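Take a look at the model first, and then we can go through them together.

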Amino acid sequence: MSAKQHTSLPEDQFSLEDIVLKVIKLKQLIVANWKIVTIATFIGMACGLSWELITRKPPVYTSKILFNMENGGSSPSGGLSDLASAFGVNTGAAPSSNLFVGENFNELIRTKNLYNRALLTKVKVKGKDEIFANYFLRKSGIREIEMEDDEEIQNFQFKHSNYKECTVKEKAQLRNIQNFLMPLTDIANESKKASFVTLTVITRNDTLSYVWSYLYLKTITDFYIETKTKKSKDLLVLVENRVDSLRKELYRTQGAAAKFADQNQQVIVQQGLVQQQRLATNSSQLQSLYYEAVRSLDNMRFSMVKESPLYSIIDDAELPFPKETDRITKGTIIGTVLGLLLSILYVVFSKTMGKITNKVEE
């Protein structure tokens, strides 16, 4: 048996030489039909680009505010320092049922209560006060894209800035806006080593992103202050009422004492010295009580300022924001590759069919 017979391969297998020869023939075939391949590739590229442009989302604008929340008071559990743990910053404290700590706060900032407050807040637009929800409907593009088939919302306007006064339709539209805005609004602690918090808002309008980011941050802060200082505010009202009452009683007693003393000076023999002294004593006591109440009121006001939560903006948002658009790459590349492959398949298929036709004719 010869060496050639030993090295021969079965008919259903290919040697490396056969593969290389087939690749060279394919290359020659493509070069010979380069016009068809080029045109088909460009058609595929154009189709991919057209599809990408048609399905391309509108440009968006991102507003980012980096801020830090802190408390001026000394209480370790009663101030805005709790917000550090709200975003995953370890403070070494045990799990708390506090409304503003941990997962409780993460759920709180997504409640409809805060969104309703913010959406119904009046903002200044070109020197005029306007309910933010109306401004949102005009600038967000929701009427033209997400709710283009909703005829009711096309000319809808909010007329009440107090949620309790809103109609059923206004409340329903508020829920629609909330569902749209919630995925576009995010508050997170991006660095676990710091207590800085980032508020990110993404919309189709740069001014809308800017206004909503600051409005939502203010709403959260106001709600925090309102909740944390509620008891102090209630006590402050009581002390203010006490001060007013003491002031009125002091002025009345001082007036009565002055009038009684004036009457005694106009008679030859003075009478009623006991009553005059009693009024003077009452006036002196009321004056002491009044000054003490005023001092307590001032101390309470200072204390409320101390314990009120504060936020410091580390890096604020500045207009104009850069336009963010989807990159035109994926669809174009897919279309180009498909055009190239289909053109090669067409050329190979045409060549094969030509050979088969010639054999049949022979």
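## Lining of the largest cavity

The lining of the largest cavity comprises three charged, two polar and two nonpolar residues. Here Asp, Glu, Lys and Arg count as charged, Ala, Val, Leu, Ile, Met, Phe, Trp, Tyr, Cys and Pro as nonpolar, and the others, Gly among them, as polar. The lining residues are Lys112, Asn116, Tyr163, Lys171, Leu174, Arg175 and Gln178. With four residues, α9 gives the most to this lining; α6 (112–119) and α9 (168–181) each supply at least two.

This is a predicted model, with local features needing pLDDT of at least 70 and side-chain atom pairs pLDDT 80 or more, while totals for chains, interfaces and linings use all residues. Residues are numbered from 1 along each chain as its sequence is written, and side-chain values use heavy atoms, leaving out hydrogens and water.

Now to the strand: Thr203 sits in β5 (residues 197–203), strands being DSSP runs of E with at least two residues and helices runs of H or I with at least four, numbered from the N terminus. Thr203 is buried, with a relative accessible area of 5%; buried means under 20% (1.4 Å probe, protein chains only).

What does Thr203 touch, not counting residues up to four places away in sequence? Its partners are Val60, Tyr61, Leu208 and Ser209, where contact means heavy atoms within 4.5 Å. A polar atom of the Thr203 side chain also lies 2.9 Å from the backbone oxygen of Asn205.

Technical notes:
On a 1 Å grid over the protein atoms alone, a cavity is a set of points where a 1.4 Å probe fits but cannot get out, and a pocket is an open set with protein on both sides within 12 Å along at least five of seven lines; lining residues have an atom within 4 Å of a point. Buried means under 20% relative accessible area, exposed over 50%, partly exposed in between (1.4 Å probe, protein chains only). A polar contact is a pair of N or O atoms within 3.5 Å; within protein, one must be able to donate a hydrogen and the other to accept it, and residues adjacent in sequence count only if both atoms are side-chain atoms.
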